[in-house]
Structure formats: C-alpha cells, structure tokens
Amino acid sequence: MNLYKYSKVYTKFLYTSLASELEYKVNILIDLLTAILSLIGSIFLLTIFFQNNATIGGWEFQQALIIQGIYTILNGITNTWFNPNLTEIVKHVREGTLDFVLLKPIDSQFFISLKKMTPSGFLEIMLGICLLLYCTKINQINLNFNFLTLCLITIICSICILYSLWFFISTTTIWFVKTWNATEVLRSFLYIGRFPLNSFSFSLRIFFSVFIPIAFITTVPSEVFLGISQIWKILLEVIVALVFLFTSRKFWLFALRYYSSASS
Amino acid sequence: MAKNIIDVRNLSKSFDISSKEPGLKGTIKHFFKRQTKSLKVIKEISFEIKEGEIVGFLGANGAGKTTILKILCGLIYPSEGSIIVSGYFPYKRRDNFLKNITLIMGQKQQLIWDLPPIESFYLNASIYDIDKFEAKRRIKNLSDMLEIDHELFIPVRKLSLGQRMKSELIAALIHKPKILFLDEPTLGLDINAQRNLRNFLQKYNKETNATICLTSHYMKDITSLCKRVICVHNGSISYDGELDLLLKKLSPIKEISIFCRSEEDANHLKNSGFKVKNKTKKEITIKVENNSITSALKTILNNFDIEDLYINEPPIDEIIGKILIKKDHDI
C-alpha cells in the first residue's frame, strides 16, 4: 500500500467533506447544538439514576462519568466517520454507485469507510475529551505516560470493534440490499455502552460481552482509566479488536464476489 | 495491424433471481421462503475487440448488454469462460488494469453533488496518482474539447444534465484510460448535447486511439460512432460485424420516388418492368434492390423525362428495431 498516496487521498477526502458540509451552514449549527444538548441530556439521565443509589453495579457517579466521557468520544467518532460513510454503503449498493468505487485504483474499503466526514462530530469528541479530563480531576487520577498509552490503546481497540461491527452489518447489504434497520439496532446497542457492564444481569453481561461486544467498547477503557482493569481484559480487548478487524476485511472481500451491481 | 485489446471466450453469467406470486399470500410466502432460480443471462459468447475500435452493443432492454459491459470492466464475476482486457483478468481489478479503463453511465453519477465538478476532478487525480499540474493540464484539455469552462466552478446540483454529463466525462477521463465503457451516455440529453457528446467521443478516439465500447438506445449514437456492432439477443450474440453490412442485409431494398414531367411518362415508367410501390398522377415510387440502384437510375434518366427524384433510405430506427427482436438465425 502506497502510504503517501493514501494520505494524499485522505487529505482530499477531508477537504471535500468539509467543503460539502460548509455549503449548509444552518445544518452545521443544528448538529453542533444537538451534540451539546445530547451530552447534557446523558449526564442528566445519569444523575437521575444515581439520585437514590450511591453506586450502580459497584460504580460511583464520578466513575460512571468516565464511561459517559468515553461513550461521548465514541459517539463523536461514529457521527464523524461511521454514520456518513457506512450507512452510505446501503445506498451505494441499492443505486449501483458502488461501481464507481470498485473501479478506482484504491482500496475499496478505505474509500467507502473514509470518504465522508461530518465535522460537527468533532465537537462531540472534544466534549468527551473535556469530560474525561474533568473526570481525571474529580477521581484524582494520576496522568502518566503508561496510563495514557493504555487508555489510548483501549480506546483505539474500542473504535476498531465498533467500526468492524458496523462495517460487517453494512456489508451484508450486498446480499440483502436493505439493512438500514440492522445498523439502527447497532446504534441502539451502543447506547447501552453508557452504563457500566456490572450494572446488568449476568445473562445480559454475557450477551453484551460475547455476542455483541458493546461492553468492551466503553467499560474496558473506563476501567483502565480508573486503574481497576486487569491485564487479561485489556489483552482480550486487543485480540477481539484484531479478530473483528481481520474478519470484517475478509468478509468485505468475500461479499464483493457476490456483488451484482444495480441494473441500469 | 491493431492488436486485440479485449478477448472474450465462451463467456457465461448466471444470476440467482427470485420470483414472487401476486397478492398478500404471495408476499408472505416470498418473505418466508423465496423461490429462486438460476437464470443464465449471458450464454457462451465470444468476441474480440481491437485497439482503437468503437464497438456498439445493440439489444433490447434486458438482453444483457450492460451485464457484458460490467463483466468487461471487472464489476461482475463471470460464471464461465475467459476474458482478457488490456492483458488483465478484469474481475481481479488490479490497480494497473483499473488505470487503463473507465466506465461512464448515463443514469449514474460519481461527481460530488454539493461541490463544483472541479473538486471531484482533483479528488480523482489524487486517486489516480496524477500530480496537480498534470491534472490541471488534462482538465484544461478536456474542458476545451467539451467546450465547458466556468460551469466547472458551479456546484453540481445547479448544473444542467448536459453540463453534468460533460463534467462526468472529464472526471472519468482524467487518467487517460485506454478503454472507455459507455452505458447509454446520452440518456436524457437534448439533441444538441447528444451531438456534442458524440463529436467529443469521435475526436477523443481519433486523438488518443482509445477503444470505446458503447451501449445506447439512441440509434444516432450507434450510426455516427460505431463501424462495428455486436447485437445481443437473450444473452447470446446474434450478429457481430460491420453496421453497414448489417443494414444492407436487413434492408436489401431502397425506394426511389420519381416526379415525371407528364402523366404519360409516369404511366410509361409504371409499365417498364420496375416493381411499383405506389403511383399518383405524375409521381411514382418504385422498389429497387441495393445492388441494382445504379443501373435502375441510368435507365430512368436516359429513357424518361424526369423533373426530380429521391432515393429513400428506410428509417434506421425501424431497421435496428428489427435487430432487437431477431434471433441468430434470422440475421
């Protein structure tokens, strides 16, 4: 893979996405406002849960805020990259415009995963980071290099798991053509990631760890943040992320063999 | 002698198609258990195309023209047979192969809707590894040929269909492909825009020796661009050869309308052995075989007092219409 070429193309993607979004100023303002209101709403919901309970699943309010911070960052990434690109795969397949992607001398997964970008999602990422910084203060967390590296690794793994799940579902479009609902279900499951894994019953914990590993996405990085994570959990998250990435890639290449293009 | 750039041998393609009975019962049945059957849409076809050739694919809707084009450019995997395009197996979609081809579809677009076309051109240039200065030069050349200029700086959504199609062409040709696959490129364009596009394709083919494979339902596209046509009927090739030969074959007779100076001459002409289609007072229309036109004209001009005459070509759409419903043995 020619890294120079790919970085050049990605710069162009960023530029064209930004230029496209800036064509609609009001829409950007509404998106920014929605991001702020959504975070306020989520924190308000958490305070209601903790009003009568000192802890939920062994997590205090200040600790649960860390999960909210990580969720906000991931949601920001979802809104910035996954939502505008991966939901578009369905449209590409239905309308046959995937033809143009497949006929470009560039990796098709790279193209359809990163072509678009919604800048308003950046605000959510920034808000999430600010919330995490606030949490380090109220939870008296000592920021050092090892801590930051581990946090970064687990968050990157979470992004990879989320991306792979979403991409996997979108890829099934090649056979089923319309899979909007499936990606919506995934988004709904992501909301579950706002709460600590321990706050669910045992069976649900198994479901959200094994079948749909949403729990890994927010809980493991949060535990790392609080210094209560075990090394096997971090290693497991890394392995799950790698397996998911690899599988989604293979699945995409396999699915393309069955792409029949839309009729003209 | 030009070498073969496309070589197709015994190509077949089957699709799994599901069918549904009408009504609610049929819908529920279809939801739970789909009846699918394998349909062979391309049936063991073979042909070659030489470098620089312009070939038209003719056929009725659903005959398989677009499927052939999509297999040739590597979008659809063939079920059987071998295909080599520009020295590559298209379905492997190697970068070097993709840099040699382009696909233009009249009903689909690749330009970024909210931005001016120029932005899409530079994005494509970076995908094809073309530096900014070279891209600028190529855009200038193509836009001069297509006579489009300030429109390149207006958002695509505000352009007319004709301007959009011209922009699509620039986006698709910026990497100087050797082979152009065009699927109904003039669809929906007005007469002038259609003519401009045809002129551009002719000029482009002449200047770059690019091979062009074209499907179109506008016969003017085929007759003015393609010397050779491949007729597709139900997934099989029913004719592959020169368009002129095909037209002669399908329409072996021409009509000559003759205006005589007197009614007497017209009557005399009627009885002189020609096959008469119809006759009014001084005007007579006769049917003559293509290979006897010259001798027939000589006889008429030497023996009768003629005021005027016309040779009527049968309408091309009518002849091509016959091809679309004809099977192999009919042609």
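Two strands are said to pair if DSSP finds at least two bridges between them, and helices (H or I, at least four residues) and strands (E, at least two) are DSSP runs that are numbered from the N terminus. The model shown is predicted, so that local features need pLDDT of at least 70 and side-chain atom pairs count only at pLDDT 80 or more, while totals for chains, interfaces and linings use all residues. Residues are numbered from 1 along each chain as its sequence is written, and chains are lettered from A and ligands numbered from 1 in the order in which they are written.

**View 1. A hairpin of chain B.** Strand S11 (residues 275–279) of chain B pairs in the antiparallel sense with strand S12 (residues 283–289) of chain B over 4 bridges. S11(B) and S12(B) form a hairpin, with 3 residues between them, and B:Lys279 has B:Ile284 in S12(B) as its bridge partner.

**View 2. The open sheet of chain B.** In chain B, 6 strands form an open sheet of mixed pairing, in the order S5-S6-S7-S3-S8-S9. Its edge strands, each pairing on one side only, are strand S5 (101–105) and strand S9 (236–242) of chain B. From one strand to the next the twist averages 15 degrees, where axes are lines fitted to C-alpha atoms, for helices over the stretch in contact, and angles run from 0 to 180 degrees between N-to-C directions. Strands S6 (residues 179–183) and S7 (residues 211–215) of chain B run parallel and are joined by 5 bridges, with B:Leu180 opposite B:Ile212 in S7(B).

**View 3. The largest nonpolar core.** A nonpolar core is a set of buried Ala, Val, Leu, Ile, Met, Phe, Trp, Tyr and Cys residues joined through C-beta atoms within 7 Å, and a residue is buried if 20 or more other C-beta atoms, placed from the backbone, lie within 10 Å of its own. The largest such core has 74 residues, and B:Leu72, B:Ile170, B:Phe181 and B:Cys213 have the most contacts inside it. Helix H6 (residues 161–173) of chain B gives the most to this core, with 6 residues.

**View 4. The side of chain B that touches chain A.** Counting two residues as in contact if their C-beta atoms, placed from the backbone, lie within 7 Å, 28 residues of chain B are in contact with 21 residues of chain A. H4(B) gives the most to this side of chain B, with 5 residues.

Note on methods
Buried ≥ 20, exposed ≤ 12 C-beta atoms within 10 Å, placed from the backbone.
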